[in-house]
Amino acid sequence: MKILIDNYSDYSQSQPLYFHEGFKELGHQSTVFDVASSSIFDVCDTLMPEVLIMSAKRMQSDVIEYLKQSQNIKLLINIDGLNTDNIKELTAFLKGNNIKVPFLFSSNVDLPQTVQGYKIVKVYQAADTNQVQDLHFDYQVDKAIFINKPNQSIAYESSFHVISTEQELKDNVDIFLPCVTLRSIFTKYNEIIFKELTEVSQLFLNAIYSGTKTYYDNEDDSKIKNNLNKMFKQEFNINYRDSKKITDFQDISKVVSEKHRGNNRAKTILSQIGGV
């Protein structure tokens with residue numbers, strides 16, 4: 001199968017890139033391109049893809065115009081970051097332009113299974129384990145504290161770095177880097193702590209995959225705990241505030257390695273379109 005993927009990666013996720021590697025590993029022909037700087041007409045006429053994967057946030061008018069003329073291409077749309085009203089607007093637009101979309105997909109487990117007749121496939125975020133590069137410097141600090149919003153209370157004993165992938169926080173943290181780069185420094189810490197973790201993010205999964213002790217530190221952990229249990233299909237106590245939290249991460253790292261890497265998510269996508 002020929003698959004074309006718009007590179008909608010950002011500082012917090014690299015889903016298009018691990019999809020790409022996963023599809024290739026599974027024997028499909030995959031290409032990544034940038035819809036913002038490439039002509040969809042030229043790229044598709046050259047590669048003749050059977051499947052086009054894009055983010056709803058990067059849909060452009062020329063893509064719609066091309067798909068109106070090429071009904072044989074299956075369009076799959078990532079709708080992360082959209083609420084139900086946004087999705088209704090999107091589906092109404094797709095229907096109005098007669099664009100065929102086998103399904104939409106999202107990591108948001110709270111979304112309904114369908115919206116206006118469009119199936120929503122839940123595709124969890126994944127650990128991207130491809131092409132991890134060394135940053136060529138060495139240090140050892142006790143804790144890495146990941147924050148996702150300003151003015152979060154940070155009070156921990158021993159040494160720590162405050163880290164973020166959020167653009168608005170880049171001047172208020174010790175380290176500001178994209179998630180794919182941060183993978184290289186996880187093992188330089190004894191513990192990794194995510195303040196007020198709201199979703200099972202790629203960064204969080206990569207941290208667990210690294211084998212470093214990784215926890216969330218939430219005022220109310222009921223929702224994230226439930227989501228983690230559903231995702232892992234077993235319970236691991238990684239609540240930093242709990243005195244009974246785990247300290248041996250071998251089992252949970254194995255779960256991530258076997259079930260929650262990029263190639264697993266590529267299989268999920270392919271299974272929905274008959275590609276595996």
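I count a residue as buried when its relative accessible area is under 20%. On that basis, 49% of the 276 residues in the protein chain are buried. I note that the model is a predicted one.

Overall form. I looked up the secondary structure and found nine helices and 12 strands in the protein chain. I then checked the radius of gyration: the chain has 20 Å, which agrees with the value near 19 Å that a compact globule of 276 residues would have. Along the principal axes, the C-alpha atoms fill a box of roughly 60 × 40 × 35 Å. I also looked at contacts between residues at least 6 apart in sequence, and 58% of these join residues at least 24 apart.

Surface and charge. I read an accessible surface of about 13400 Å² for the protein chain, with 43% of it belonging to carbon and sulfur atoms. The chain has 30 positive and 35 negative charges, and I find their mean positions 7 Å apart.

Cores. I turned to the largest nonpolar core, which has 41 residues; F146, F232 and I238 touch the most other members. Elements giving two or more residues to this core include strand 8 (141–146), strand 11 (189–195), helix 7 (222–232) and helix 8 (250–259). Helix 6 gives the largest share, five residues.

Terms used: Residues are numbered from 1 along each chain as its sequence is written. This is a predicted model: local features need pLDDT of at least 70, side-chain atom pairs count only at pLDDT 80 or more; totals for chains, interfaces and linings use all residues. Side-chain values use heavy atoms; hydrogens and water are left out. Helices (H or I, at least four residues) and strands (E, at least two) are DSSP runs, numbered from the N terminus. The radius of gyration is taken over C-alpha atoms; the globule rule is 2.2 Å times the number of residues to the power 0.38. Buried means under 20% relative accessible area, exposed over 50%, partly exposed in between (1.4 Å probe, protein chains only). Contact means heavy atoms within 4.5 Å. Accessible areas come from the Shrake-Rupley method with a 1.4 Å probe; for residues, only the protein chains shown count as cover. Lys and Arg count as positive and Asp and Glu as negative; His and the chain ends are not counted. The place of a charge is taken as NZ of Lys, CZ of Arg, CG of Asp or CD of Glu. A nonpolar core is a set of buried Ala, Val, Leu, Ile, Met, Phe, Trp, Tyr and Cys residues joined through side-chain atoms within 4.5 Å.
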